[in-house]
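Reader: I would like a close look at one part of this model. Please keep it brisk.

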There are 2 protein chains.
Amino acid sequence: MNFNIHRDVLLENLLIAQKALSTKTPAPYLQGIKLEVYEKEVVMVTSNADISIKISIKDESLDVKEEGNVLIPGRFFVDIVRKLDGDTVSFSMFENNMLKLVSKNSDVTLNLLDIDDYPEIDFVVNEHPIPIETKVMKAIIRQTTFATSTIENRPILTGVNIRVDKENLVATATDSFRLSQKIIDIPKNFDEMNVVIPGKSLDELIKIFEEDLEEILIHLNHQSILFEYGNVLFQSRLLEGNFPETSRLVPKEFPIVIKFDRTTLMTAVDRAALLSQRDSSTSIVKLELKDNDVVEITSTSPEIGKVVEEVHPSEKPEGSPIKIAFSSKYFLEALHTFSADEVMVKFTGEVRPFVIESEKDKDLTELILPVRTE
Amino acid sequence: MNFNIHRDVLLENLLIAQKALSTKTPAPYLQGIKLEVYEKEVVMVTSNADISIKISIKDESLDVKEEGNVLIPGRFFVDIVRKLDGDTVSFSMFENNMLKLVSKNSDVTLNLLDIDDYPEIDFVVNEHPIPIETKVMKAIIRQTTFATSTIENRPILTGVNIRVDKENLVATATDSFRLSQKIIDIPKNFDEMNVVIPGKSLDELIKIFEEDLEEILIHLNHQSILFEYGNVLFQSRLLEGNFPETSRLVPKEFPIVIKFDRTTLMTAVDRAALLSQRDSSTSIVKLELKDNDVVEITSTSPEIGKVVEEVHPSEKPEGSPIKIAFSSKYFLEALHTFSADEVMVKFTGEVRPFVIESEKDKDLTELILPVRTE
């Protein structure tokens, strides 16, 4: 193996490939980056327990003198290329299991990993992938993964449920205390699908959306999901098990609807949360719609004191006075997913789940379960 | 106690005062911020085991209706004022031990700490303090505290030695493996002094230099050092014990002198360090001046591989070839303290301390002890 490549091109692709590097693994070969060097292409492969990445590099700076495959210690490879300051990096092999990287005045020798240990990874590409705008895919991830469960006692809740039916793609996440759901239109005629993707995989996926490619292609099958983004294939395992049926969780009738300026509401809850966070990990605030149509958000800590925030709804509220208590963290995270200036908080009763929606972000529903106090 | 003050003025001063807040302390009153409210002035006092801060606020926004002293839970006070979005904050007392803060739509009640527990703190101000330009004081701190010891077995080495003699102020720090020394001119006729200031105190002091006040006044006595910066008094305890005599540590003769472009040298060592850091906490690199006047910086890890960096001195080196090994961390930190583009690395021999200097930063000497290898 012997080739030259532009350092910036190499680094840019390494920074994507490293997202699937294992850091702690009983299999040291998964700490490696596999390079397959062909006449006019270098293919990078990385893989860990959750995701696998395959990148095809066909840059004009690529100058291959000898083909070959190698498995390079990943973390150090990325770190050294990041610090190299030459324009070009030259790769060559010597003594069979050593790699030489030369760039400007740097001469780096690396002990290679045994490529025979590396598993064959099957990147499953469909004939008719689902096209989605990159910015929509970004929104799906940003608006769902935060609501997945971080505790492992119900593993299926650590994932985001993706359901494809005739005209929609429905993304749902819930940790059983709150739920976030986004429904987007897709072209017709895709097979119906119902899978659960690890939330962590999606958190890595969103990081590779750096170039401004308009579209991402989703290749979905029953074993895995593969996102094709330009020259990058990003494949994730799926979670096994049944995602809970969430449609009956959302109340149908909302006798109480309060419209808020989103930023005003967030800063008020943020201040109240400051106090409740000090006192307990649950961080409960109370919201009260009063007779005079003013909303009071309060939190109390016997040790420190009390915060009372007065918030004026942006329109006269519908419905009767209500007093309800909930996690400030869940409420803030839900409000954070909206882009709209104005949101509607819709209540059914003091012990029933409530919902946040907005006229601008019509495809998004945030639901939160209240807590009982006193 | 009852007064109003502009929120931004309050916050700006709180952010300084909080530097001396105790976070973990057996004395809960040291987690408090003391406010002394006078007719035309509010005084803030905070104190922990190392430093005490006293700030006088005489802002035109200050409107005192009733004088008084209170001790407010510090961390929460700072956090809530940071998040308040009203222009003005109103303070009032009720029920004897509760404080009410009102700002725009926020109404915050805080349980006060018992002010009778708070110790009387003596801020010792001299008649003739030493004036130092703020930017020089900043440089002293930036160029010395990094070289103090972080381990506590010789407590005196966790401090920076400040010696005042007839015309100079000499600041010295050493962890016994390296030494950093800065000598600055001061006006004559100050008493000779020789004290050791905890490095951590200086690290906090540098953070309060945010406004662009040109001068800082140093009030030095045998028990404490007090820095007067505008309306802020920042007092630190001194370390007890004798700071080691360091003057004999610095070699007098340097038969080998190599000039480098500082940035080129740093990036080369940085790359070599990357590999040595992986392998051990000591992170040793080797520097070799070769017959052909080229310098090679190398590091080797049996596990990962080898990095060889070729560096061309900016002038033909003086002296014979040499091969010397040292901590890349100490070398990089020392190089980092210079502002000059060009530095001189001066060697006496392979097992003797070596020195880094620059013609531009004449007042600064960095010394590093090499390590023996092989």
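How many residues does the contact take from chain B and from chain A?

Author: The contact takes 27 residues from chain B and 27 residues from chain A. Two residues are in contact if their C-beta atoms, placed from the backbone, lie within 7 Å. This is a predicted model: local features need pLDDT of at least 70, side-chain atom pairs count only at pLDDT 80 or more, and totals for chains, interfaces and linings use all residues. Residues are numbered from 1 along each chain as its sequence is written, while chains are lettered from A and ligands numbered from 1 in the order in which they are written.

Start with the side of chain B that touches chain A. Helix H2 (74–83), strand E9 (106–111), helix H5 (262–279) and strand E21 (305–311) of chain B each supply at least two of its residues. Helices (H or I, at least four residues) and strands (E, at least two) are DSSP runs, numbered from the N terminus. E21(B) gives the largest share, 7 residues. By class, this side of chain B has 10 nonpolar, 6 polar and 11 charged residues. Ala, Val, Leu, Ile, Met, Phe, Trp, Tyr, Cys and Pro count as nonpolar, Asp, Glu, Lys and Arg as charged, and the others, Gly among them, as polar.

Two strands pair if DSSP finds at least two bridges between them. Within this pairing, A:Asp107 stands opposite B:Val308 in E21(B). Strands of a sheet pair through backbone hydrogen bonds, either parallel or antiparallel.
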